Amino acid sequence: MYKGYFAIFILLIFSACMKQGGSSTSYQVEPTLSAYVDNFFAEAAKRGHVFERKNLIVNYNSGTDGALCGSCNSTSVDQGIQKVVSIYNINPCWFNDQQLETLIFHELGHCILGRAHTTDTLPNGNPKSIMTPNDISLYAPCLYPIGNQLCDMSYKRNYYVDELFNSNTPPPDWSH
Ligand SMILES: [Zn+2]
């Protein structure tokens, strides 16, 4: 009895995989997110990493798990596996393009680069990496400009993108 159910379960998984693995349908990026995914591949290419655009689905997920901003189904670097990035948009986590880019770069860091989370910090205490678990404002512009407070962090973007593709990138000048 149990074995029978198990066999059906395996068959269902297999057929689901087959559906997703078809080469003509496995690269699908939600149109309003494609600019950010394009940025990822462009930044990768600038740094000598050329990835085939295949087996990647990036879509919105209207799930109600308020704790999630985004997710990736696999941290394998194997591009033969169907990767799925979900961006949760019911209560969006982001307020500007830079935050949404950081969120998508973080998820593609898992899904394409196979990177795990890190809580390491730079000498000034800032997160070392886009792969930090809970910060999508690393290089965001001012969200709420008040007086002369230095709040535009966009000058940090180049370091964080370098680090995403090479975790041995040395700490930048602004972090000392
Ligand atoms: Zn993550």
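1. Two strands are said to pair if DSSP finds at least two bridges between them.

2. A word on what you are looking at. This is a predicted model, in which local features need pLDDT of at least 70 and side-chain atom pairs count only at pLDDT 80 or more, while totals for chains, interfaces and linings use all residues. Residues are numbered from 1 along each chain as its sequence is written.

3. Now the overall plan. The protein chain has 4 helices and 4 strands, and from the N terminus on its elements run α-β-α-β-β-β-α-α. Helices (H or I, at least four residues) and strands (E, at least two) are DSSP runs, numbered from the N terminus. Of the 176 residues of the protein chain, 23% count as buried. A residue is buried if 20 or more other C-beta atoms lie within 10 Å of its own, exposed if 12 or fewer, and partly exposed in between, with C-beta atoms placed from the backbone.

4. Two residues are in contact if their C-beta atoms, placed from the backbone, lie within 7 Å. Among contacts in the protein chain between residues at least 6 apart in sequence, 61% join residues at least 24 apart.

5. Next, the pairing, strand by strand. Strands of a sheet pair through backbone hydrogen bonds, either parallel or antiparallel. S1 and S2 pair in the parallel sense over 3 bridges, and Gln 28 stands opposite Ile 57 in S2. S2 and S4 also run parallel, joined by 6 bridges. Across that pair, Leu 56 has Lys 83 in S4 as its bridge partner, and Ile 57 has Val 84 in S4. S3 and strand S4 (residues 83–88) pair in the antiparallel sense over 3 bridges. There, Gly 70 stands opposite Ile 87 in S4, and Ser 71 stands opposite Ser 86 in S4.

6. At 1.5 Å a residue, its 13 residues (residues 34–46) should span 18 Å, and the end C-alpha atoms are 18 Å apart, which agrees. The expected span is 1.5 Å times one less than the number of residues. Tyr 36, Val 37 and Phe 40 are buried in H2. Seen down the axis of H2, the buried residues fall within an arc of 105°, so they line one face of the helix; the arc is that of the directions from the helix axis to the C-beta atoms. On the other side of H2, Ser 34, Asp 38, Ala 42, Ala 45 and Lys 46 are exposed.

7. What do the buried residues of H2 pack against? They pack against strand S1 (27–29), strand S2 (56–61) and helix H3 (97–111). Val 37 shows this well. With 21 C-beta neighbours inside 10 Å, Val 37 counts as buried. Not counting residues up to four places away in sequence, Val 37 touches Val 29, Val 58 and Ile 104. The C-alpha atoms of Val 37 and Leu 108 are separated by 8.3 Å, although these residues are 71 residues apart along the chain.

8. Finally, the way out of H2. Just after H2, Gly 48 takes a positive phi of about 85°. Asn 55 sits in the loop between H2 and S2, and its phi is near 50°, a positive value in a residue other than glycine. With 19 C-beta neighbours inside 10 Å, Asn 55 counts as partly exposed.
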